[in-house]
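Please look through the model below with its sheets, its aromatic rings and the relation between its chains in mind. The paragraphs that follow take up these topics in turn.

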2 protein chains.
Amino acid sequence: MTAWKEIDQHVKVWMNYARKLILAQIKTDVQVSTKSGPNDLVTNVDKEIEEYYVKQIKLFFPNSLILGEEGHKDSGMLKHQGYFWVIDPIDGTMNFVKEQENFASMIAIYYNGKPLLGYIYDVMKDKLFWGGPACQAVYCNNEKLNSPANLSLKDGLFGASCPMVLRNYRGINEVISKSSGARIVGSAGIEFINVMSGKLCAYLSFLRPWDYLPGKILAETLGLIVKTIDGEPVNVLSSTDVLVATDNAQSEIFKIINNY
Amino acid sequence: MTAWKEIDQHVKVWMNYARKLILAQIKTDVQVSTKSGPNDLVTNVDKEIEEYYVKQIKLFFPNSLILGEEGHKDSGMLKHQGYFWVIDPIDGTMNFVKEQENFASMIAIYYNGKPLLGYIYDVMKDKLFWGGPACQAVYCNNEKLNSPANLSLKDGLFGASCPMVLRNYRGINEVISKSSGARIVGSAGIEFINVMSGKLCAYLSFLRPWDYLPGKILAETLGLIVKTIDGEPVNVLSSTDVLVATDNAQSEIFKIINNY
């Protein structure tokens, strides 16, 4: 096994390159197309960064398996002895296109099926959140994060998902009405950052592995709860509802949902 | 009448001072109390900045009338011959307290009952949006803004209000489902900035005069529509639902609401 610091050095170089690529193209050279529907976007920049990450991983860590949002998919990841990588070149592509902010580039790294390191890069703010079991800590750039306060639902803002709110999924609107209010950002990566920073007490959305694995590795390192809305463990590599929350908010939300 | 540039110079000095005060106190010295309910917050910083703005206005423009969010209220404003000022020391106090970002300091200036200048200062990003009929333009710091593209609802993100979404106010959730998605920021000032910058096609919320007048002056200068949800003119100094939108989005939203 390669020393984690060596992996970390590589990843930071790659993400720095991805940022430069994004900044160079964001104002002038973004070609947008749709995937599953009109609000599921992909751009040439998403694809270019995924290809770049995949190429670098294969070059420096040749025995790796990789799952990427924009199509790269190796099989047998969970049973793989060695590294597997889950990459989301741009999380929040809609924001990338419409807002030119509030999106993130993300990477999760597992070794022998166990979480090792997670990376969420808020590109426009130039804030890289990284860490995990490998270093038993989470950093924002070079600054070590403290675990956030164990906020109750009533004392915290709730990070919501637009589709869930519109159909009051599992009674989520009652959860929101008992919080300090809802915020909708539109990027799982940024919402994970906001829970880890104590700006939100919780965030709930239906997510795919590349949306939540980097955040899950980081949030759990800080002692936050990452489970399904029913309080079940999130099975790595499944698409599911994912709740990241403080311990207090998680148990309050679980009660409200179960009584709904 | 004082030349608008002289007023503008004063206001920018005051807002710069307010920013310094906020940055000095945000991490260490914020005492929070509630107003109408648990989610209606005010802090010592809100009060201190309002007092400072009022003192400066009275000092340099002694014949002014002033309405402030945190309690300063002169009467007879609409019939007043001379200046009236509407000030919101911190718009988005909940975000100021919980997020330490996504809030704004705001000022609207009227002369003989007519709009003159508006100011929305995104303090943490150090971006001051200012302008109005006095200079027939809107600037972000020193850069002149172009009018945003006339986005349709389906091509734009929709800035929503949490309480309205929770009770599907006037069918707003159907409006959202026909947009590119909802975002909830929790500060009217920041949402006005986002519509003016083309990040949103529309923003709707129930607002008080200090929440919307600075943005109304700026948005109308850029050719955006600022009306009630029923397409009626917003009466200055009333509390009402306020929709700021592109021309296209406004007429589409109006149709959806009217058929609901």
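In what order do the seven strands of the open sheet in chain B stand? In this predicted model, the order is β3-β4-β5-β6-β7-β8-β9, and the pairing is mixed. Strands of a sheet pair through backbone hydrogen bonds, either parallel or antiparallel. At the edges of the chain B sheet stand β3 (65-68) and β9 (143-144), each of which has a single partner strand, so that one side of each is left without a neighbour in the sheet. Between β4(B) and β5(B) the pairing is antiparallel and extends over seven bridges, and B:Tyr83 has as its bridge partner B:Tyr111 in β5(B).

A pair of aromatic rings is described by the distance of the centres and the angle of the planes. With rings paired when their centres lie within 6.5 Å, the count comes to 26 aromatic pairs over all chains. In one of them, the rings of B:Trp14 and B:Phe60 have centres 6.4 Å apart and planes at 35°, so this pair is tilted. Because B:Trp14 lies in helix α1 (residues 4-25) of chain B and B:Phe60 in helix α2 (residues 44-60) of chain B, the pair ties together parts that are 46 residues apart in sequence. B:Trp14 counts as buried, at 1% relative accessibility, while B:Phe60, with a relative accessible area of 40%, is partly exposed.

Another pair is formed by B:Phe84 and B:Tyr110, whose ring centres are 4.8 Å apart and whose planes stand at 5°, so the pair is stacked. This pair links distant parts of the chain, since B:Phe84 belongs to strand β4 (residues 83-91) of chain B and B:Tyr110 to strand β5 (residues 104-111) of chain B, 26 residues apart. Both B:Phe84 and B:Tyr110 are buried. In chain A, ring pairs link A:Trp14, A:Phe60, A:Phe61, A:Tyr83, A:Trp85 and A:Tyr111 into a cluster.

Charged side chains also meet rings. A:Lys12 lies over the face of A:Trp130, at 3.2 Å from the ring centre, and in chain B the charged end of B:Lys12 sits over the ring of B:Trp130, 3.1 Å from its centre.

Chain A also holds an open sheet of five strands, in the order β11-β10-β12-β14-β13 and with mixed pairing. Its edges are β11 (182-183) and β13 (225-227) of chain A, each with a single partner strand, so one side of each is left without a neighbour in the sheet. Strand β10 (residues 157-159) of chain A pairs with β11(A) in the parallel sense over two bridges, and A:Ala182 in β11(A) is the bridge partner of A:Phe158. Helix α6 (residues 188-196) of chain A packs on this sheet, touching β10, β11, β12 (200-207), β13 and β14 (240-245) of chain A, and its direction makes about 155° with that of β12(A).

How are the two chains related? Chain A can be laid on chain B with an RMSD of 0.0 Å by a turn of 180° and a shift of 0.0 Å along the axis, and the two copies are therefore related as by a two-fold rotation axis. The same surface serves both copies, in that 100% of the contact residues of chain A recur in chain B. Of the residues of chain A, A:Ile184 comes closest to the rotation axis, its C-alpha lying at 2.3 Å.

Technical notes: Residues are numbered from 1 along each chain as its sequence is written. Chains are lettered from A and ligands numbered from 1 in the order in which they are written. This is a predicted model: local features need pLDDT of at least 70, side-chain atom pairs count only at pLDDT 80 or more; totals for chains, interfaces and linings use all residues. Side-chain values use heavy atoms; hydrogens and water are left out. Two strands pair if DSSP finds at least two bridges between them. Helices (H or I, at least four residues) and strands (E, at least two) are DSSP runs, numbered from the N terminus. Contact means heavy atoms within 4.5 Å. Axes are lines fitted to C-alpha atoms, for helices over the stretch in contact, and angles run from 0 to 180 degrees between N-to-C directions. Rings of Phe, Tyr and Trp (its six-membered ring) pair if their centres lie within 6.5 Å; planes under 30 degrees apart count as stacked, over 60 as edge-to-face and the rest as tilted. Buried means under 20% relative accessible area, exposed over 50%, partly exposed in between (1.4 Å probe, protein chains only). A charge sits over a ring if NZ of Lys or CZ of Arg is within 6 Å of the ring centre and within 35 degrees of the ring normal. Copies are superposed by least squares on the C-alpha atoms of residues with pLDDT of at least 70 in both.
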